[in-house]
Amino acid sequence: MSLCFSSTAFSLQSAKYQSFLTRFSSQFTNPTKVNSSLFTGFPSSQFNLPETVKFSKERLKPISASTTPTAETTVTPSFRNKSPKDINILVVGATGYIGKFVVKELVHREFNVIAIAREKSGIRGKFRKDETLNQLKGANVCFSDVTNLDSLEKSIEDMGVPIDVVVSCLASRSGGVKDSWKIDYEATKNSLVAGRNRGASHFVLLSAICVQKPLLEFQRAKLKFEDELIKEAEKDSGFSYSIVRPTAFFKSLGGQVELVKDGKPYVMFGDGKLCACKPISEADLASFIADCVLSENKINQILPIGGPGKALTPIEQGELLFRLVGREPKFLKVPIEIMDFAIGVLDFLVKIFPSLEDTAEFGKIGRYYAAESMLVLDPETGEYSAEKTPSYGKDTLEDFFQTVLREGMAGQELGEQTIF
């Protein structure tokens, strides 16, 4: 069951490893059911929608929902020739860390945005409907469940409009084994099926650069969906995709800012040079994802993307932070073997206590991000390459650190991503 709103029609009351590292450092350094028929068949004019968010219902006849795309489904790839205000974009994962910025960017570009959200969104469901509507201003918000295909299809059907493009910003909040497959694969596939059954001819997927070297369950889940998405395009020339694989997010590097500001050492594994990344801001990434809607050079492409500037190792990130706070660098270097030992113990215990499965996975996630670079993996050399990792945007890590030093991590909470 679902309830859909246009946020412009109501008066409203007004991303995993660094959290682990922060905790590690501290050890060393002191649904209400709503009848979905309520809004079925209502013309958009009854919601007082402005021109930029009205739908063109006559563009495509409604398609009967089914669990798989059918050969009779009519796909019209010509949406790229339309004005943005005539293009209907379904966004799933709209209330997530990146999703909120993607919705904002798409609305800014005057696309018709349908944002799918949970009735209680945010970290541990802390945001209620009115707060979610406020966060997603300018979009038509549908409260539904992406993990339930029937519910999702009914929600989209109740909007009474076709879908041109699906943008998925879904991601497991914890990285746990079952949650990874439930969200990164099953829920994302539900959004593909539901979108295709309403006419979607393009799918923009927010993935991750780390799937190049899949050692973790969430990476395997993402790769499985990527593979199925590519096959969908191969069998239907009228359907296309853009797979976006970003490097590290700024928030994943901000967990130690307050500690350093308070005079604590900067914690890193090994010599601080085990890995490097070209982090990208949420706003710049959202802009790149929005580019994928209409840019023909991004059709049927896997697109790794990082932020501007050189790739930075943990020790360079720490030196930058100390420079900004005006203190001499003080590092705490932790042998990576400590994590290897802990993971070995957990893997043994899982055989006896299966309930520890996620705990063991979290340890592996921490180990992965402590040693693997978030850069393009060169298939010829088998090495990570900063030079082959594209840069985009204008926001730098230094800008982010300065903001956090002034304002704290508000809006950048690590939340349920307790290891990343």
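Tutor: One term before we start. Helices here are DSSP runs of H or I, at least four residues long, numbered from the N terminus. Also, this is a predicted model.

Student: Okay. Which helix holds Lys231 and Asp227?
Tutor: Both sit in helix α6, residues 217-235. They are four residues apart, so about one helical turn separates them.

Student: And what do their side chains do?
Tutor: The side chains of Lys231 and Asp227 meet in a salt bridge, 3.2 Å from N to O.

Student: Is Lys231 buried, exposed or partly exposed?
Tutor: Partly exposed, because its relative accessible area is 47%. Asp227 is partly exposed too, at 38%.

Student: How many salt bridges are there in the whole structure?
Tutor: A search finds 22.

Student: Show me another. What does Asp291 pair with?
Tutor: Arg109. Their side chains form a salt bridge of 2.8 Å, N to O.

Student: What about Lys388? Which residue is its partner?
Tutor: Asp378. The closest N and O atoms of that salt bridge are 2.8 Å apart. Lys388 lies in the loop between β12 (384-385) and α12 (397-407). Asp378 lies in the loop between β11 (376-377) and β12. The two are 10 residues apart, and the pair links distant parts of the chain.

Student: And why does Asp378 count as buried?
Tutor: Because its relative accessibility is 7%. Lys388 is partly exposed, at 44%.

Student: New topic. Where is Ser155?
Tutor: In helix α4, residues 149-159. Ser155 counts as buried, because its relative accessibility is 0%.

Student: What does the side chain of Ser155 make a polar contact with?
Tutor: The side chain of Ser144, at 2.6 Å. Also, a polar atom of the Ser155 side chain lies 2.9 Å from the backbone oxygen of Ser151.

Methods. Residues are numbered from 1 along each chain as its sequence is written. This is a predicted model: local features need pLDDT of at least 70, side-chain atom pairs count only at pLDDT 80 or more; totals for chains, interfaces and linings use all residues. Side-chain values use heavy atoms; hydrogens and water are left out. Buried means under 20% relative accessible area, exposed over 50%, partly exposed in between (1.4 Å probe, protein chains only). A polar contact is a pair of N or O atoms within 3.5 Å; within protein, one must be able to donate a hydrogen and the other to accept it, and residues adjacent in sequence count only if both atoms are side-chain atoms. A salt bridge is a side-chain nitrogen of Lys or Arg within 4 Å of a carboxyl oxygen of Asp or Glu.
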